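Colleague: I would like to learn how to read a model like this one. Please start with the terms and then turn to the case at hand.

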There are 2 protein chains.
Amino acid sequence: MPAGPGDRPATRARPVKSPDLVTIADVARHAGVAVSTVSYVLSGKRVISEVTRTRVLANIRVLGYHPNAGARALASRRANVIALVLPLRSGMQVPVVMQFAMSVVTTARTVEHDVLLVTSDEGPDGLRRVAASAMVDGLLLMDVELHDERVPLLRELGRPSVLIGFPADASGLTCVDLDFHRAGQLCVEHLAGLGHRRVALLGAPAAVYDRGTGFAHRTRAGVVDAAGRLGVDAVVRPCEEGTAAVRRELVSLLERWPDLSGLIVQNEAAVGPVLAVLPTLGRRVPEDVSVVGVCPDQFAEQAGPRLTSVPVPAEEVGRQAVSLLMRRVQGEPVPAATLLDPTLTVRDSTAPAPARR
Amino acid sequence: MPAGPGDRPATRARPVKSPDLVTIADVARHAGVAVSTVSYVLSGKRVISEVTRTRVLANIRVLGYHPNAGARALASRRANVIALVLPLRSGMQVPVVMQFAMSVVTTARTVEHDVLLVTSDEGPDGLRRVAASAMVDGLLLMDVELHDERVPLLRELGRPSVLIGFPADASGLTCVDLDFHRAGQLCVEHLAGLGHRRVALLGAPAAVYDRGTGFAHRTRAGVVDAAGRLGVDAVVRPCEEGTAAVRRELVSLLERWPDLSGLIVQNEAAVGPVLAVLPTLGRRVPEDVSVVGVCPDQFAEQAGPRLTSVPVPAEEVGRQAVSLLMRRVQGEPVPAATLLDPTLTVRDSTAPAPARR
DNA sequence: GACGGTTGTCGAAGCGCTTCGACCTGCCGA
DNA sequence: TCGGCAGGTCGAAGCGCTTCGACAACCGTC
C-alpha cells in the first residue's frame, strides 16, 4: 500500500519541521500533482499542460515556496553561483573595482546566478576550495597579473573561468579587458593632434608595474608605441598616491622637461592632485599643460576642470565577463580574448599646445 | 543487456562518475572506515581515536577530498555562507565600503564561512530569495537608512542578521557602527580646544541626508550638540562631490562668515578638493583654516597637508559585524547595539585659531 | 484493429552529506 | 560473576531536489 496521507514515514523523533520551511513536496501535495511535475513546471525541461502549470504556480505563490539551493545544487550539480575573485592589494583602483563588482552581480542576477565574493588573500587554497566544493559553477578573476599564481591553478581546477585582464600566457583561458594598448595610443594621438610634442604618462604606483599588472604595462606600451609613430617624445613615470607624491613627481618632471605640455594620468587617485598641483607650479590647465585621464567617467566629470578622458568601462567589462562565463558554463565555445574598444571623450582639460618658446 | 533486477544496485546506466569528484565514500573506503566516521573526523562532533583520525586525514589529503557544499548544506541545514547586502547608490563612500567588504570576507573565512554578495537593487525580493532558499545562514546589511525598507523585511524573514548602521526603529535587531555622534563631538571639541569659535561641517551630499542615512544625521547631531555645549558657532552644509561643487560651497560659506576658521569634512570625495581650493581662496591650511576629516586613515595620510582626522574603522566594524552575526547564527544572545568609540588623530591640518581681527 | 507517435504525468532512484541510535569492545567496582 | 559505563565505530535514514524511464491516454494510420 502506498504511504497514506496521514502517515508520512516520519523520522523517529526528529524535531518538527520548522513551519516556515515549504518544500516542493508541500507544493505538490497542495496542487495534487507529483513532486516531479512541480519540478518540471519550474525548470521547463518537460512539457506540462497549461492547466497544471497554472495550478502549480498558484500554489507556489500561495505557499511562498522557494527551492532549497543546497538540494538543488546537489541534485542538479549546478550551484547557480559564480565566484568573483578580487585581489586585495595596494594600488587597486577601488572605485573601478567596485563598479565592476556591482555590474557582475547585477548581470549575474539576470541569468539566475548569485555571486560569491572571494579574496585572493586566502591564497590559491581559496580558489581550490570554492571550486572543489562545487559551491560555484564558474570563476571570475579580476585584476590579473602578467604572471599570476592563480592562472596555473585555474587550468588545473578545470572549472569554467573568465579573467579580467590578460596574463602573459593566456592559452586555454578566456580573457576580457579594455584594450589598454589602444587606450594609450588614443591619448597620445589626441595630444599629438593638438600639437603637443612632449608628453608624459603618469601611471599607476610602481608596485603595480612591478607585479606585472597587465593594464599598466599595456597602456605604457600603447603610449610609447604611438609616440614613436607620431614623432612625440614620451616619458613614462609610475606615480604613487597622495598629493605629496604627485607634487614631487610633477616638479621633477617639469624641471627636467620644461617644455612638457601633455600629461596622461592613469591613476584615479592622482587625477585630483595633479589638477590641484599644476596651477601651483605655474602651469594652467589646459592653457599650459593638457591633461588626459584614463579613469572612470565619474572622476573625469567631477574634476576641475572637467577632464578629457578615456573611460574604463567597468560596467561593460563586467557584463561581458559574466556573459562569457555563462556560455562557458553551458559548455559553449567562446572567443579566447575579448578586447573592448576604448573611446576618448574630449572635455575641458586639453587644448592646443602652447606656442614653442 | 537489459538492466535486470539482479544487478548491483548501481544506477541503471548513469554516466560514469567524473573521476575528479572525490566523495566522502571514497575517503571512507580508502581508509577502511565508515562514512560516518569520516564525517565525525571532519566535524569533531564525536570522539574518534587518534589513530583513526590520522588515517582518515591522511586519506583526505592524498585523495584531495573537499566536502560538497551543497550536500553538506542540505544535510546539516547550514550553508556556511553569509550574505553581504550592499546598496548600490550615489554618494556611497566607495573606499570605505570596499574596505568593509574585504574585512567581512576575511573575517568570515576565519570562521569557515563564505560571503555571498547581494545588491539591494534587486529589491527586497533579493533578500527574500537568498534567505528563503537557505543559501545563507545570516545577513549583513550595510549602509542602513533611518527608514530602510529592508528592515521590516528582515524581521519577517526570521534569519539572523546584523546591520551596519542604525535604522530609526532598531527594536529586535542587532546593529553595529562607529559612534558618529561622538565623532562629531570629537571634531568640535578638538577645534574648540584650539580656540576656534566658528566652524562648519561639510557633510555628505544632500541626497544622503534626504534618504535619512544614519551616520550623516548622527554626525551632524554630534557637531551641533558639542558646539552648543562649548559655545562654538556651527553651521552645517551638505556637500556634493566634485571640485566645482566644493569650491562653490566654500566660497559661499566664507563670504557669509569670513571668520570661519574650522572645517569638518565628512565626505571622502571632498577632502582633496577642499584642501586644494582653500589656498586659492586665500586661506592657508592650517594657519587660516583648520580642517578635520571624518574619513579613512588612508585618505588623511595622503592628503596634503596630512589631515587631522577621525578615521572610520571599516576593518573593525566588519570584524565586529561578522562576529556578532556568527553568534546570532549559533543562537547565542548578543547586544542589540554596538557603538565603536571614535578617536581623533592629530596631523598637520589643524592649528590654533588665528587671532580675532 | 494493431501499430506507432505524442503529450502529460508519475514514481523512484539517487546527489553527497550529517546525525542518531545501535552496537561492540574493554575496564571498573561491587 | 555481573552490570554499568565510557570510548569508538558503524549503518541507515533522511535533507529537498532533479531526472530518467515508465506509462496512460489519446491521436491518427496503414
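Modeller: Two strands pair if DSSP finds at least two bridges between them. Helices (H or I, at least four residues) and strands (E, at least two) are DSSP runs, numbered from the N terminus. In chain B, strand β6 (residues 198-202) and strand β8 (residues 262-265) pair in the parallel sense over four bridges. Within this pair, B:Leu202 has B:Val265 of β8(B) as its bridge partner.

Colleague: Which helix packs on the sheet there?

Modeller: Helix α8 (residues 180-193) of chain B does, touching β6, β8, β9 (290-293) and β10 of chain B. Contact means heavy atoms within 4.5 Å. The direction of α8 makes about 160 degrees with that of β8(B). Axes are lines fitted to C-alpha atoms, for helices over the stretch in contact, and angles run from 0 to 180 degrees between N-to-C directions.

Colleague: What should I know about the model itself?

Modeller: This is a predicted model, in which local features need pLDDT of at least 70 and side-chain atom pairs count only at pLDDT 80 or more, while totals for chains, interfaces and linings use all residues. Residues are numbered from 1 along each chain as its sequence is written, chains are lettered from A and ligands numbered from 1 in the order in which they are written, and side-chain values use heavy atoms, with hydrogens and water left out.

Colleague: What is the average pLDDT of chain A?

Modeller: pLDDT is the predictor's confidence in each residue, from 0 to 100. Chain A averages 90, and 93% of its residues score at least 70. Over residues 1-18 of chain A, pLDDT stays under 50.

Colleague: What is the strand order in the open sheet of twelve strands?

Modeller: Strands of a sheet pair through backbone hydrogen bonds, either parallel or antiparallel. Here the order is β11(A)-β5(A)-β4(A)-β3(A)-β1(A)-β2(A)-β2(B)-β1(B)-β3(B)-β4(B)-β5(B)-β11(B), with mixed pairing. β11 (337-340) of chain A and β11 (337-340) of chain B stand at the edges with a single partner strand each, so one side of each is left without a neighbour in the sheet. From one strand to the next, the twist averages 20 degrees.

Colleague: How many residues surround DNA strand D?

Modeller: A residue is near a molecule or strand if one of its heavy atoms lies within 4 Å of it. DNA strand D is surrounded by 34 residues, and the closest include A:Arg46 and B:Thr52. Sugar and phosphate make up 60% of the atoms of DNA strand D that come within 4 Å of the protein. A polar side-chain atom of B:Thr52 lies 2.4 Å from a phosphate oxygen of DNA strand D.

Technical notes
Polar contact = N/O pair within 3.5 Å; in protein donor to acceptor, adjacent residues only side chain to side chain.
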